[in-house]
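Trainee: I'd like a close look at one part of this model, please. Could you walk me through it slowly, cut-offs included?

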Amino acid sequence: MQDISSGTCVKFVPRTHEGSFLDIQPRYGCWSFLGQTGGSQTLSLQTPGCMWSGVAAHEFMHALGFVHEQSRSDRDHYVTIVWKNIVPDQMHNFRKQATNNLNSPYDYNSVMHYGRYAFSEDGGPTIIPKPDPYIPIGQRDGPSALDLHKINVLYDCGANE
């Protein structure tokens with residue numbers, strides 16, 4: 001939360017009377033719904049597996065409305081998805097979405113980008129960067145500079161400065 005709040009105008013505050021809010025729970029796995037759903041919105045951070053700042057930032061960015069970077073509408077220019085290597089029930093995580101990319105470049109360093117072996121069924125790569133297949137992808141250290149920029153654009157941060 002602090003990583004996002006310190007680099008954007010988005011602030012996380014304890015709930016008092018808000019009708020729409022995030023209900024952070026240690027459910028099974030690390031997950032969030034996409035964007036604001038209204039009312040109580042569960043965001044799961046299972047302990048101990050999800051207790052890393054980059055993993056939490058990834059889920060908070062889902063709640064703020066961001067899809068996986070490798071799912072953005074222009075991804076085919078930047079990565080190849082190796083469908084035959086993906087565990088079948090995880091293919092939804094790799095489907096291309098109709099996204100508003102906020103006039104921002106593709107971000108291999110995004111906290112929203114999966115690693116090259118994410119959900120691999122056979123140990124082979126599931127995502128191969130283009131044109132350089134050795135570009136590092138899938139960091140979970142925290143939001144990249146471009147991640148913070150995209151939050152600021154989406155939420156009109158700086159519009160009142």
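Trainee: Which element does His-62 lie in?

Mentor: His-62 lies in helix 2. Before we go on, the ground rules: this is a predicted model, so local features need pLDDT of at least 70, side-chain atom pairs count only at pLDDT 80 or more, and totals for chains, interfaces and linings use all residues. Residues are numbered from 1 along each chain as its sequence is written, and side-chain values use heavy atoms, with hydrogens and water left out. Helices (H or I, at least four residues) and strands (E, at least two) are DSSP runs, numbered from the N terminus.

Back to the histidine. His-62 is buried, at a relative accessible area of 10%; buried means under 20%, exposed over 50%, and partly exposed in between, with a 1.4 Å probe and protein chains only. Leaving out residues up to four places away in sequence, its contacts include Ser-32, Phe-33, Leu-34, His-68 and Met-112, a contact being heavy atoms within 4.5 Å.

His-58 sits in helix 2 as well, and it counts as buried at 4% relative accessibility. With the sequence neighbours up to four places away set aside, His-58 touches His-68, Val-111, Met-112, Tyr-114 and Arg-140. So what does the record say here? UniProt, in an unreviewed entry, puts a "binding site" feature at His-58, His-62 and His-68.

Now for the packing. The largest nonpolar core has 16 residues, and Phe-60, Met-61 and Phe-66 are among those with the most contacts inside it. A nonpolar core, by the way, is a set of buried Ala, Val, Leu, Ile, Met, Phe, Trp, Tyr and Cys residues joined through side-chain atoms within 4.5 Å. Strand 3 (40-45) and helix 2 (53-63) are the elements that give this core two or more residues, with helix 2 supplying the largest share, 5 residues. Phe-66 touches Leu-34, Met-61, Leu-102, Met-112, Lys-150, Ile-151 and Leu-154, again not counting residues up to four places away in sequence. Apart from this core there's another, of 10 residues, Tyr-108 and Ile-137 among them.

Notes
UniProt positions renumbered as here; feature names shortened; annotations may be inferred.
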